[in-house]
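Hi everyone, thanks for coming.

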Amino acid sequence: MVKILSIISILTAPVMISSTIVKVKAFFAGRKGAPFFQPYYDLIKLFKKNITISKDTSFIFILGTIVTLIASIMIIFFIPLVAKDSFFSFKGDIVFVAYMMALGRFFMVLAALDTGSSFEGMGSAREATFSMLSEPALFLALMAIVGKSGLITFESSFAQISPNIWITSGIGFLLIAVALFIIILVENSRMPIDDPNTHLELTMIHEVMILDHSGPLLGIMEISALLKMFAFISIMFHVVFPLKFNNIFINFLFYYVGMLAIAVVIGVVESTMARIKLKKIPTFQIIVIVLAGIGMFLTLE
Amino acid sequence: MTQKIKNQVILVSLFTAIFTYVFIASIFLGSNFNVHIDTFFCQATGQLDGLSKFFLIPLSIISVCAFIYSFYYFPESDHKKEWTITSIFFPLMTFSMVMIVLAKNLIMLLIFWEIMAVSAFFLLITEHKYDEVRDAAKLYIILTHFCTFLIFVTSILVYKYTGSFDFPKTGSLDPGTTVGTSIFIFTLVGFGIKAGILPLHIWLPSAHANAPSSVSAIMSGLMIKMGIYGIIRYISFFHNPPLYWGLIIFAAGITSGIIGVVLAIGQHDIKRLLAYHSIENIGIILMGLGLGLAGMSTGNDIAMVLGFAGSIFHILNHATFKSLLFLGAGVIINASGTRQMDEMGGLAKKIPFTFGTFLIASASISGLPPFNGFVSELFIYLGMFAIISKSSLLPLNFLQLMGIPALALIGGLASACFLKVNSAVFMGTNPNLQNAPQRKFQESFYLKISLAIPALMCIGLGFFPYILKSPLENVIYSLTGNYFNLFNYFPFKELSIFVGIFYIFLILGLLVFKLVYKNKIEYAPETWGCGYTKPSHKFRYTATSFAEIITGIFNFILNTHYHRKDVKGVFPKKAYFKSHVPDIFLDNIILPLFQFLDDKLSPVRKLQAGNLNLYLLYKLIAIVSLVIYGAIIIW
């Protein structure tokens, strides 16, 4: 049952998260916003299209795009969604997931660079730099999540996070949650770091990397971005709302409410903050590393 | 030399390869043994325990690949001299490395160590007509002899301790004594020079960059591992190494890892960049080793087993992907006629096979999952994570608090660096390359074999690390004296399953994509570049600009020198931009120090006046004082 609900959530939640963010932003701007299921329509439209590829590219362009998607799918296997159990779990899957993300990023950047366009080079350089800096913070957060469970899996780590832990080492977990939230913003190219809406090459990070992806290839990139954000928000959900209910359907509902709450917060942050200057982002990220480090230290007993 | 002889050489090396593979098979099946031969100068004792066996795996495979490759790097028709040098010293160096690993005697180890060092020197100066090659060789020969000298001192200390030139039994020496501590220090510094641990690495970048690529491959893939072998072997003489040994090695590993990869990002020369990555990987190896030692001295079995296993595994992994990268770099340099990455580009279509293998190696060295680099890093990660659950000892917590983020940062930086390399070298277009000076160099069959074998190892070890389970257990046995079943510590089965799933998905994805969109792909003229009527390849983002933000962040380590003249005014004059990253230790510390010593010691040089009478007087003084000394002794 949990598996079926998890599959339902994989199919619906990523789009709902993204639509919620769009709706919140529209609310702040006084607009109505795109329909809730717009991302589905967009994807269907994209997959019907033909593909145009620059003749300067090599086989890496298509291969890289597909590897990006597969890496995002592999991540979802190991992260518990509706309940505390994931589809699969093995000792060390936390490291495996973190490195799968790195693999996806590596091939996404490679596909972007394959075009030889200077815009995409610019975006790739930023993506490579900022994700490199968010890696230590991510691992510090994961260390705090693993805690003393000893089994380095998402499943067992989330099983040992209970509301109790928020009482005993609340400050530590608060810092970790803040750090995780900022990592979500960085890794998914959200507002204070990257502006997903502008179409000026000089200001973009993620969007500029997929300039030359057309039709289905662009669709694949969109899907993998959605899945990645979904995975991150699921991790965040289990850290922030570590409540368990006996009824699986209540769990399911709670999960959706929690995810959408995080999405609303992201939307509010996006609507109320301006982009940080590009040169300031590394400093910002180093602060996040320090935050995560202190948080990690406070959760140690 | 004729084509016939060349083919014979290749046949011989292929037979050697087959022979070594049979030998490796026996390594996996056979048991340990000792040999004892009396020679005229010493008793040569050999051994084949778990550690030696493991080092023989990369030695036998990688050296054969590099040897085959070297004949295509120097086609003998126009490189007679280089051909001769390679065919004499290459096998000699490989042989001496095998003998170092087999030695069970301090003198035997020293003799073959020196043969290895000197033959590496001759291989390094193969292209001695270039100034930089000679400079690099000079620096190398000085430091390698300093290294030999320190190992000499270590050996004498061991002799003083045990009274025999044979290796002491594993775990027979006491680390608490002064002699024990000094053996540790001299071992770490002496072998550390060879291994390229960070402040001692100064010979490494220039030597790796200026040697022929096949030589760089075995230098980086195999020779610097001999330093690690020495450290591991000499430390294994002691029982219960104190905690601070592990911590020192771990800290050295972190600094080498981070500073090595940061220095690599700043480089413009592809081979120098790869050389700094060797320092980084030595750092990862040392992190594993330090973790293992720390686990050993605190009785944390999980950290010990996973640390040692990760460290040893990474030695093999680094040997495969780094030699593959250097071999690939050789092809790249020949195809583009330069070593500067900013001047390359668009090679993906010209040398597709090299591109594929180079990409596999790049992903492996960045520690990305389906390849082997990830497996050894996973070992070390698991070992560090294990400390959280097991203990609350402060020094060990330091290990994980520093170690895990550091390893993550190293991984991130390495992947950024290799994205830079791949994009600068292979991607985009570069019409200038059509006119580049080229040697007769194509992706011939044998060349492809020499690239394919390490590439297959990268894939195979990443997919099925189980194959190394018993060799790794044997190594841990020879270090600790206990057998540990690695199954209890590492998820071999699950890793293979999920990597397998990844490959299945990949193949399915590609097939579906091919089938559905086969007729829907059209290739447009070229990448859009803002609609300029005459787009130029110079619009491309260069390697330097790709790394600019990262080098900016780490400028406190890199200390980049910029030489620039900006575009100014309405009618700008010619502008230029150059940047150069010095080696902090060599250019900022060592060379100024020696300059200072040179200045201060100049009065001493007056002793060497060039006057024969004076020299005869020195001799007389020497003889008289010796006679007096002898007379005193006899009395």
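Let me start with a question for you: is B:R605 buried, partly exposed or exposed? Keep in mind, as you look, that this is a predicted model. The answer is partly exposed, because the relative accessibility of B:R605 is 45%, and the cut-offs put buried under 20% and exposed over 50%. Its partner in a salt bridge is B:D598, with 2.8 Å between the closest N and O atoms. B:D598 is partly exposed as well, at 38% relative accessibility.

While we're on salt bridges, there is also a network to look at. A:R105, A:E135, A:E187 and A:K228 are joined into one network by salt bridges that share partners. Over all chains, the structure holds 13 salt bridges. One of them pairs A:E270 with A:K25, with the closest N and O atoms 2.6 Å apart. A:E270 sits in helix α11 of chain A and A:K25 in helix α1, so this pair ties together parts that are 245 residues apart in sequence. Both of these residues are buried. Back in chain B, B:R564 and B:D566 meet through their side chains in a salt bridge at 3.1 Å, N to O. For B:D566 the relative accessibility is 45%, so this residue counts as partly exposed.

Now, the interface. Sorted by class, the side of chain A that touches chain B has 45 nonpolar, 15 polar and 11 charged residues.

In terms of area, about 6,500 Å² is buried between chain A and chain B, and carbon and sulfur atoms give 80% of that. Which three residues supply more of the area that chain A buries against chain B than any other three? They are A:Y99, A:F106 and A:M132, with 11% of that area. As for residue counts, the contact takes 71 from chain A and 70 from chain B.

The chains also share some strand pairing. β1(A) pairs with strand β3 of chain B, residues 521-524, in the parallel sense over four bridges. In that pairing, A:I51 stands opposite B:I521.

A few words on chain B by itself. Its secondary structure comes to 22 helices and five strands. Of the 635 residues in chain B, 58% are buried. Among contacts in chain B with a separation of 6 or more, 78% come from residues 24 or more positions apart.

Finally, two threonines. A:T299 is in helix α12 of chain A and counts as buried, because its relative accessibility is 13%. Its side chain reaches the backbone oxygen of A:M296 at 2.7 Å. Leaving aside residues up to four places away in sequence, A:T299 touches A:A144, A:S169, A:G172 and A:F173. B:T177, in the loop between α5 and α6 of chain B, is partly exposed, with a relative accessible area of 29%.

That's my tour, and I'm happy to take questions.

Notes. Residues numbered from 1 in each chain as written. Chains lettered and ligands numbered in written order. Heavy atoms only, no water. Buried < 20%, exposed > 50% of the residue type's maximum accessible area, 1.4 Å probe, protein only. Contact = heavy atoms within 4.5 Å. Buried area = accessible area lost by both parts, 1.4 Å probe. Nonpolar A, V, L, I, M, F, W, Y, C, P; charged D, E, K, R; others polar. Pairing = 2+ DSSP bridges. Polar contact = N/O pair within 3.5 Å; in protein donor to acceptor, adjacent residues only side chain to side chain. Salt bridge = Lys/Arg side-chain N within 4 Å of Asp/Glu carboxyl O.
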